[in-house]
Protein chains: 2
Amino acid sequence: MGPLEELVADLSRFPGMGRKSALRLAFYFLKTDQSFLAKLGHEIATLRERVRKCSRCGNYTETDPCSLCEDPSRDSRTLCVVEQVQDLMNLQKTGEYQGLYFVLHGVLAPLDGVGPQDLGLEKLVRRVVEERIEEVILATNPTLEGDTTALYIHKLLAAAEVRVTRLASGLPVGGDLEYADRLTIARSFQARRPLD
Amino acid sequence: MGPLEELVADLSRFPGMGRKSALRLAFYFLKTDQSFLAKLGHEIATLRERVRKCSRCGNYTETDPCSLCEDPSRDSRTLCVVEQVQDLMNLQKTGEYQGLYFVLHGVLAPLDGVGPQDLGLEKLVRRVVEERIEEVILATNPTLEGDTTALYIHKLLAAAEVRVTRLASGLPVGGDLEYADRLTIARSFQARRPLD
């Protein structure tokens, strides 16, 4: 296999990239300038040496602990549990939340062999107790796996004296009742609130 | 800008890749194994050193001349002119053509500053004369630019005693007259052939 075919085979491993797109990308590389390719190649090869998981919250970071954990202006009494770093980034973009984070890097999935130890749940409980967290916000996705994981964490935290909450689930803002699915509608009924 | 943001910015330069897809790809890298990243990074950084253009036909190759030019079983009397290496590969896949190639790596586009010298047309004419090519098949795309380029090459070759042909343009096999555009229908009328 020549270098071009080998590169195409490796590019095809990217998520959502078929052989045709990989070939197109490889041809784009062949036409782009060498300095960009050298820079990109180096960035990819050294990414995991330079970007690690924060030992405290699991966020991707260059420094350990990460800048969020080190920020004294953040509320250290609340801890928000998310599935992925992408979720953390999305929450951060809203500016709605000022506390600390805990990234699971997954959800409980017994069939895929993902158990509590893979998500660092022991560490989570220890952190809640040691740091005297007052509220744990479970922000896993409102999916079967996310709900199960949230429920499991809730039970784990029963002994710790901490308020455990879950992000509200319901109709998205700008959504349409006509196109909402049954479960979402059911949840927004159950969680309905009186108007002020 | 941290290494993650820098990588995302560079990945966003890929064709058809927005910021969101670039971020998704970067997160995929962060979860994949280091040996794959090191291999991929090296492949990208060294691609243009290892894969060059064949000095004879313009095909991408590790050896110069390329394996197609060096293949004695190919018919050295016909030369097929294509816009891109991708076109050459697609033609090769059909097995329909047994002659040699000339890759332009573009089309005439005066507004973008692409002139005859950028496509190596002098070299093409010299090759046709020196190698006593008997037929030049112009396989540029049936687009405005491709047609213009084909016409230009045709004129350039007027002095050389060589048969110049153009790939037939018409309804694609399995296509539908109902959905064909006007120009395609017009061309298939003009190029209609008697049934045997």
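Helices (H or I, at least four residues) and strands (E, at least two) are DSSP runs, numbered from the N terminus. This is a predicted model, in which local features need pLDDT of at least 70, side-chain atom pairs count only at pLDDT 80 or more, and totals for chains, interfaces and linings use all residues. Residues are numbered from 1 along each chain as its sequence is written, chains are lettered from A and ligands numbered from 1 in the order in which they are written, and side-chain values use heavy atoms, leaving out hydrogens and water.

Start with the loop between β2 (60–61) and α4 (67–70) of chain A and select A:P65 there. The peptide bond joining A:D64 and A:P65 is cis, with omega about 0°. Now jump to chain B, where B:P65 sits in the loop between β2 (60–61) and α4 (67–70); the bond from B:D64 to B:P65 is cis too, omega being near 0°.

Next, stay in chain B and pick B:H105, in the loop between β4 (99–103) and α6 (121–130). Its phi is positive, near 55°, though the residue is not glycine. Then try B:R132, between α6 and β5 (135–138) of chain B, with a positive phi of about 50°. At 69% relative accessibility, B:R132 is exposed (over 50%).

Finally, show both chains and select A:K39 with B:E6: they form a salt bridge, the closest N and O atoms being 3.6 Å apart. The term asks for a side-chain nitrogen of Lys or Arg within 4 Å of a carboxyl oxygen of Asp or Glu. Chain A and chain B share 4 salt bridges.

How values were computed. Buried < 20%, exposed > 50% of the residue type's maximum accessible area, 1.4 Å probe, protein only.
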